[in-house]
Amino acid sequence: MKFEFRLVLVTLSLFFLSCNFHYFALANEPQGQPGNLDKISGDKIRFHLIRVEESSKANLYNAPALEFELAKSKLFKLSRSSKLNLTYTTKTGTDSAGISAVMFLLTLGIFPSFVETHSNVTFTLMDREDKKIIRDYSYPIQGRRIVSWLTIPFYLVIPIFSDSVDGGSNFETSNVSLRMLVEAFESDLAKDCLENPELLEILRNKGNESIEL
């Protein structure tokens, strides 16, 4: 009984202490030139942010961490009183580690355990009063998490040269993927506003109007 208890402790220690190496990629490549935020002068667009819960289980994109990243935007500002809603919804699927998880345990964390994730995040701009959708943007995201002691050197070095990887001891967080997602949304929204100045005017006017709370 004591041996089994120690084995469980060792197993848990391997999972929580070994290093996680995350790689993320937007599944859809952007079409044409990305929008330049610096070309949009004037006040930020004000949004009332709404998060649609995917499930009771937390995941990387359906979390307050994404709201924090959105709050740092150069293009828009979050405001509870704005008449312009920004709603984001997520769908997340995970492929289990399978045989790689078994090998990970048998080799005491040396053989890497691989977990694939498939997520889709949609941002919807909507008039808060008449519920009319103004624009929506959807981003499929593919991710891979590699768990192994051997990933530590890669985690320390590769992020210096690549903006699409990160790592650490935490399984559920990744500043890199959240930043990539928000930057893609900002760029697409800026591109549409630059190509259609009327859209920018509508968003600003509606965003500057206040609703009684």
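User: Let me start with one residue. Where does lysine 131 lie?

Analyst: Lysine 131 sits in a loop, the one that runs between E5 and strand E6 (133-147). Keep in mind that this is a predicted model.

User: What is the phi of lysine 131?

Analyst: Its phi is positive, about 65 degrees, although lysine 131 is not a glycine.

User: Now the whole chain. How many helices and strands does the protein have?

Analyst: Count six helices and seven strands. Then read the order from the N terminus: α-β-β-α-β-β-α-β-β-α-β-α-α.

User: What share of the residues counts as buried?

Analyst: Of the 213 residues, 40% are buried. The accessible surface is about 12,600 Å², and carbon and sulfur atoms hold 59% of that area.

User: On to aromatic rings. How many aromatic pairs are there?

Analyst: The count is six. To read a pair, check the angle between the ring planes: under 30 degrees is stacked, over 60 is edge-to-face, and the rest is tilted. Take phenylalanine 47 and phenylalanine 76. Their ring centres are 5.1 Å apart and their planes stand at 50 degrees, so this pair is tilted.

User: Which parts does that pair tie together?

Analyst: Phenylalanine 47 is in strand E2 (residues 45-51) and phenylalanine 76 is in strand E3 (residues 76-78), so the pair ties together parts 29 residues apart in sequence.

User: What about tyrosine 88 and phenylalanine 123?

Analyst: Their ring centres lie 6.2 Å apart, with planes at 50 degrees, so this pair is tilted. Tyrosine 88 lies in strand E4 (residues 84-95) and phenylalanine 123 in strand E5 (residues 113-127), so parts 35 residues apart in sequence are tied together. Tyrosine 88 and phenylalanine 123 are buried.

User: Which residues do ring pairs link into a cluster?

Analyst: Phe47, Phe76, Tyr88, Phe123, Tyr137, Tyr139 and Phe185.

User: Let me turn to helices. How do I check the span of helix H6?

Analyst: Expect 1.5 Å a residue. H6 (residues 197-208) has 12 residues and should span 16 Å; its end C-alpha atoms are 16 Å apart, so the two values agree.

User: Why do residues three or four places apart point the same way?

Analyst: An α-helix has 3.6 residues a turn, so residues at that spacing point the same way. Now read the buried residues of H6: Leu199, Leu200, Leu203, Arg204, Lys206 and Gly207. Their cover includes E2, E4, E5, E6 and helix H5 (175-195).

User: Last, the surface. Which residues form a nonpolar patch?

Analyst: Ile99, Val102 and Leu106 form it, with about 320 Å² of accessible area together. Valine 102 lies in helix H3 (residues 99-106). With a relative accessible area of 41%, valine 102 is partly exposed.

Notes:
Residues numbered from 1 in each chain as written. Predicted model: local features only at pLDDT ≥ 70, side-chain atom pairs only at ≥ 80, totals over all residues. Heavy atoms only, no water. Phe/Tyr/Trp six-rings, centres within 6.5 Å; stacked < 30°, edge-to-face > 60°. Helix = DSSP H or I, 4+ residues; strand = E, 2+ residues; numbered from the N terminus. Buried < 20%, exposed > 50% of the residue type's maximum accessible area, 1.4 Å probe, protein only. Patch = residues over 30% accessible without salt bridge, like charges linked within 9 Å, V, L, I, M, F, W, Y side chains within 5 Å. Areas by Shrake-Rupley, 256 points an atom, 1.4 Å probe, with all protein chains shown as cover. Salt bridge = Lys/Arg side-chain N within 4 Å of Asp/Glu carboxyl O. Expected span 1.5 Å × (residues − 1). Contact = heavy atoms within 4.5 Å.
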